[in-house]
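Here are my notes on this one, written up as a colleague would after a first pass. Have the model open while you read.

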Amino acid sequence: MANSLKILVSLNFIIMKSLKQLLSVAVSVGIFFLQSCTSSENINTKENTDKLNNQQSISSTPTQQLSPKATTAFDQKKAAQLTDLSKFIAGIEVDSNSSLAQFQKYNSWVNHRKFFDKAWTKLDTQQLAPVRQWSQKELAQINATSPSVFYPFSGPDFLYAYSFFPQSKQYVLVGLEPVGSVPDLVSLSKEKQDRKLQEVRSSLYAILQFSFFRTNDMKVDLQKQGVLPILYVFLARTQNRILDVQQIGLDQDANIQPFKKGMISGVKISFIPEGESETRTLYYFSTNLANDGLQKQPELQKFVAKLDNKVSYLKAASYLMYNDYFSDIRKLILTHSTHVLQDDSGIPLQAFDRSQWNLQFFGSYRKPIGLFSNRYQSELRKIYTSDKSVKPLDFGIGYHVVAKDSNLMLATAKNISAAKP
């Protein structure tokens with residue numbers, strides 16, 4: 001298993017050179033997707049919990065009062081602090097009464113804001129807006145049920161889970177990258193604060209420019225800071241207010257507990273979209289999804305199995321579930337999902353029993369990129385060349401960054417009630 005992951009990392013470096021022209025196309029179209037299957041080992045420390053707690057020291061006056069429901073469940077002052085912090089990191093101006101407002105006059109933060117404004121405008125126009133429009137048309141019935149979204153091999157990609165499924169009540173993301181922490185920026189010197197903001201830009205630059213997290217970069221960037229700063233950016237930039245952040249773990253019965261050594265490390269973020277009154281939940285767990293990892297710590301499988309009305313989403317998953325040593329996570333998805341939305345890097349077509357699943361196809365399938373050329377599916381190619389019910393796709397997704405080469409498959413369980421826990 002370890003050797004296989006090392007091979008994936010090495011091959012990923014090779015393809016970066018060989019696909020230089022492809023990357024230049026990605027820059028011009030500004031599309032965005034995440035790859036986060038082969039990176040670092042877990043880092044679970046008490047220091048992360050302490051740093052999360054320290055964020056409460058930032059004083060702020062909220063620009064918008066929380067709804068009555070949110071106010072009764074959460075500390076409004078803390079919610080304002082967390083939201084201001086996420087906005088500041090994302091290059092969005094905070095209220096003048098916030099203790100972070102004093103730093104917005106510095107050229108370093110002004111440039112930080114300009115970087116995000118320019119990159120995000122391009123990203124939203126050329127990529128995210130078409131994704132939202134497609135979701136409104138093709139996933140309307142699913143979204144109307146406010147499903148739980150399970151997104152394995154996601155890394156910190158809350159952005160696409162939210163764009164495809166904006167009405168979900170809870171999102172469960174899983175990757176190898178550590179949770180990390182967001183420091184109390186007010187207490188830092190200007191030099192250290194600038195360095196932290198630079199770290200955020202550096203970790204996001206590749207996906208904003210080249211459409212994906214480069215594995216070698218993640219080993220450096222996310223090992224330092226973890227996924228939490230990126231989750232803050234995505235929440236702020238999608239106009240969500242953060243209500244609470246908790247460092248968590250799963251006990252043996254898959255119940256959420258304050259994190260202790262030996263548990264699967266995770267974070268629980270309670271948030272609310274601007275203008276709404278219902279609280280949502282974002283979970284991120286840092287763990288190994290290979291069979292040996294899940295067998296050592298089966299709590300995650302239990303937790304996912306208990307999710308109600310679960311939709312599984314898979315993108316840029318390195319074709320890992322084509323392998324026998326990822327059969328457990330593949331089985332978990334197929335057994336407990338009401339729907340599966342994926343590109344061809346997720347679960348192989350042959351794993352979907354047609355007597356149990358209805359399948360819809362979108363976009364185009366020719367062949368995988370060179371790195372994964374051995375994962376070509378002739379049966380899938382036959383469907384795309386002969387089935388007239390295949391619908392077009394007007395945005396790039398997965399490893400094929402150009403819309404005309406991208407594909408999605410929506411699988412719907414025929415007996416949806418059987419897929420629920």
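Predicted model: local features only at pLDDT ≥ 70, side-chain atom pairs only at ≥ 80, totals over all residues.

1. Please read every distance and accessibility below as computed from it.

2. How many salt bridges turn up? A search of the whole structure finds 10. I'll go through a few of them, starting with R113.

3. R113 and E93 meet through their side chains in a salt bridge, with N to O at 3.1 Å. R113 sits in helix α6 (residues 107–138), while E93 is in the loop between α5 (76–89) and α6, so this pair ties together parts that are 20 residues apart in sequence. Both partners are partly exposed: R113 has a relative accessibility of 23%, and E93 has 46%.

4. R113 also has a salt bridge to D117, at 4.0 Å from N to O. As a reminder, an α-helix has 3.6 residues a turn, so residues three or four places apart point the same way. D117 is partly exposed too, at 31% relative accessibility.

5. Which residues make up the network around these pairs? E93, R113, D117 and R237 are linked by salt bridges. I'd look at these four together in the viewer, given that they form one network.

6. Another pair to look at is R132 with D124, whose side chains meet in a salt bridge at 2.8 Å, N to O. Is this pair buried or partly exposed? R132 is partly exposed, with a relative accessible area of 32%, and D124 is also partly exposed, at 24%.

7. Now to helix α15, which covers residues 378–386. Which of its residues are buried? L380, I383 and Y384 are. Looking down the axis of α15, the buried residues fall within an arc of 95°, so they line one face of the helix. On the other side of α15, the exposed residues are S378, K382, T385 and S386.

8. What covers the buried residues of α15? The cover includes two strands, β9 (357–363) and β10 (407–413). To see this in the viewer, show L380, I383 and Y384, the buried residues of α15, along with β9 and β10, which are part of their cover.

Definitions and conventions:
Residues numbered from 1 in each chain as written. Heavy atoms only, no water. Buried < 20%, exposed > 50% of the residue type's maximum accessible area, 1.4 Å probe, protein only. Helix = DSSP H or I, 4+ residues; strand = E, 2+ residues; numbered from the N terminus. Arc of directions from axis to C-beta. Contact = heavy atoms within 4.5 Å.
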